[in-house]
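Biologist: I would like a close look at a single part of this model, taken residue by residue and with the cut-offs stated.

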Amino acid sequence: MGLVHRTVIVASASGLHARPAKLFVQEAVRLGVPVRIRAGERTVPATSMLGVLSLGASRGTEVTLESDAPGAEEALDALAALLARDLDAEETLDA
Amino acid sequence: MPDPARPPRQRLSGLGVSPGRSAGPLVRMAGPPALPAARPVTDPAAEVATIAKALEAVAADLRRRAEGTSDTTAAEVLDALAMMAEDPMLREDAERHAQDGLDAPHALDAAFGAHRETLAALGGYLAERAADLDDLKYRAVAAALGLPMPGIPSPGHPYVLVAEDLSPADTAGLGAEVLALVTERGGPTSHTAILARSRGLPAVVACRGVLDVPDGTVVAVDGRTGDVTVGLTPQDAADVVERDRRERDRLAGSKGPGRTADGHPVKLLLNIGSAADLGPDAADAEGVGLFRTEFLYLNRRQPPSFEEQVAAYAEVFARTPLVVVRTLDAGTDKPLPFLGLPPEPNPALGIRGLRVDRVLPGVLDTQLDAIAEAARTTGGTPWVMAPMVTTVAEAADFARRARSRGLTQVGAMIEVPAAALQAEELLAELDFLSIGTNDLSQYTFAADRQHPGLADLLDPRQPALLKLIALCTEAGHAAGKPVGVCGEAAGDPLLAPLLVGLGVTSLSMAPVCVPAVRDELSRHTLEECRRLASP
């Protein structure tokens with residue numbers, strides 16, 4: 001199986017920080033497929049909270065997800081869909 | 001439950017900052033562990049195993065706390081911290097250091113340190129997270145050394161928490177086991193005091209010597225008098241807890257609007273941060289006297305949009321007929337990343353509150369637009385006030401901008417002595433005043449709210465503070481306009497009659513404080529209140 005990748009624009013208002021970063025990493029851990037995420041020169045495992053934060057990706061940043069593991073297509077689709085949503089806006093105000 | 005030899009009865013005294021009494025075994029919050037000298041490593045695999053165990057222990061402890069709290073925001077923060085402790089990059093870095101010959105505590109210290117620097121270098125929100133990594137590092141190093149974990153203890157039984165002081169980060173982990181808080185530092189307006197009042201926990205601050213009392217000693221805490229009695233029997237403690245429970249039950253029975261014994265009405269209002277704070281008890285108050293809007297702006301690179309603000313404000317307006325909205329109260333003392341304000345040498349005296357408008361006028365205009373729109377959509381009539389108003393010109397400009405948007409009830413917070421001295425002139429421009437006693441004390445007495453050694457200057461009974469409050473209430477009376485108090489003093493049942501005697505027309509406080517204030521007011525006639533207030 002070759003390298004699969006998806007390029008997506010970070011949609012969350014606060015960028016890939018705080019709650020959006022947490023939701024993204026949780027989903028990557030849950031999927032269990034090794035995925036790497038790249039922004040600019042920096043590539044980190046999608047399961048690393050500190051790595052994902054260190055990308056410093058604000059809203060509008062282009063990031064690339066990549067994986068060559070079995071199940072990569074589905075995992076990348078799920079993670080790319082998450083990044084394309086504004087996860088801050090979905091935060092219920094009374095939560 | 002720990003059971004050390006019971007020391008002789010002894011009384012320590014501090015400043016009571018949150019009423020109520022409780023008793024139980026004392027547990028001290030452990031400070032950060034000292035990193036011992038590096039030791040030679042003979043078996044790197046053993047160090048690697050210690051590292052994995054330490055990180056797992058830290059994550060498990062945080063998750064247990066997250067599950068144990070009913071506060072969803074605190075649970076999210078704790079969960080995110082647990083994810084950092086479990087971070088695979090971090091663990092690999094620490095393991096590599098161990099393979100290279102460092103012992104587990106030093107390997108953890110180095111790995112956390114490197115990630116901390118990465119985040120700090122990114123600035124803004126991420127730099128603020130660097131402090132979280134320090135906290136996690138201390139926890140992991142303590143676990144690797146076999147020491148108690150720093151932070152809020154979790155002994156598995158109810159206890160009285162004793163600490164040097166509590167930070168906002170500590171308070172996220174405060175669980176249901178905590179009976180009362182005692183700190184050696186802190187003042188009446190410290191984080192500890194505000195948190196304790198919002199949770200209804202008895203609390204004493206500035207209590208010298210309390211850190212010397214051994215863990216497990218049974219103590220009684222009186223959050224009204226500031227007395228901490230050391231060396232009780234478990235039976236004594238059970239009696240104190242039972243008496244407090246009966247007193248709370250009695251207060252819970254009090255209902256209805258605030259009034260003195262002879263029926264003089266005093267509105268009892270709530271201080272809230274969002275609609276979430278309007279719990280089931282909210283119906284028992286007469287409205288919201290302080291709607292802090294900062295929560296919308298936290299952790300943001302950009303200010304919240306007009307639409308987002310409208311939705312958040314409308315949610316509150318729809319729930320209660322009287323709401324006093326305070327426009328954004330931030331600045332260099334309470335920095336928000338999106339404001340992009342440079343650090344100042346003296347932030348309490350710098351750009352804060354309404355002064356942010358001098359550098360970023362768009363923020364206030366959008367907020368006023370959103371408040372007006374939320375009022376239109378809900379059909380409500382919100383009151384709106386600005387924080388840190390200092391001059392009549394500032395008040396007039398704020399009033400003009402609010403009124404041009406159809407907002408009819410416009411006021412100012414009185415936090416700066418200059419504003420209190422001009423209360424009459426301010427009321428020529430405004431419809432009401434709301435006194436923030438915490439900041440008014442800080443600025444009148446030139447005493448930092450958080451300074452541990454100046455708590456006596458921040459006592460709300462200080463005559464100079466009461467004179468400034470009287471200037472405001474007299475101006476309000478002459479103009480026929482309301483003057484309320486929304487600072488911490490408003491929630492203190494012992495101060496309420498005094499404030500009413502000074503002529504204050506409403507008291508706004510944490511929801512948990514309402515029953516005790518209502519009860520105390522109902523025991524005094526207006527004449528008695530006035531006698532308390534006369535010098």
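Does Phe432(B) count as buried or exposed, and at what relative accessibility?

Modeller: Phe432(B) counts as buried, at 3% relative accessibility, where buried means under 20% relative accessible area, exposed over 50% and partly exposed in between, with a 1.4 Å probe and protein chains only. This is a predicted model, in which local features need pLDDT of at least 70 and side-chain atom pairs count only at pLDDT 80 or more, while totals for chains, interfaces and linings use all residues. Residues are numbered from 1 along each chain as its sequence is written, chains are lettered from A and ligands numbered from 1 in the order in which they are written, and side-chain values use heavy atoms, leaving out hydrogens and water.

Over all chains there are three aromatic pairs (rings of Phe, Tyr and Trp, the last by its six-membered ring, with centres within 6.5 Å; planes under 30 degrees apart are stacked, over 60 edge-to-face, and the rest tilted). One of them joins Phe291(B) and Tyr313(B), and because their ring centres are 6.0 Å apart with the planes at 85 degrees, the pair is edge-to-face. It links distant parts of the chain, 22 residues apart, with Phe291(B) in strand 10 (residues 288-292) and Tyr313(B) in helix 9 (residues 306-317) of chain B; helices (H or I, at least four residues) and strands (E, at least two) are DSSP runs, numbered from the N terminus. Phe291(B) is buried at a relative accessible area of 0%, and Tyr313(B) is likewise buried at 0%.

Phe432(B) itself pairs with Trp383(B) in a tilted arrangement, 4.8 Å from centre to centre and with 45 degrees between the planes. Trp383(B) belongs to strand 12 (residues 383-386) and Phe432(B) to strand 14 (residues 432-435) of chain B, so this pair ties together parts that are 49 residues apart in sequence.

Arg326(B) lies in strand 11 (residues 323-326) of chain B and is buried, with a relative accessible area of 4%. An unreviewed UniProt entry places the feature "binding site" at Arg292(B), Arg326(B), Asn438(B), Asp439(B) and Arg449(B); UniProt positions are given in the numbering used here, feature names are shortened, and annotations may be inferred rather than shown by experiment. Of these, Arg449(B) sits in the loop between helix 15 (437-444) and helix 16 (463-479) of chain B, and is buried at 17% relative accessible area.
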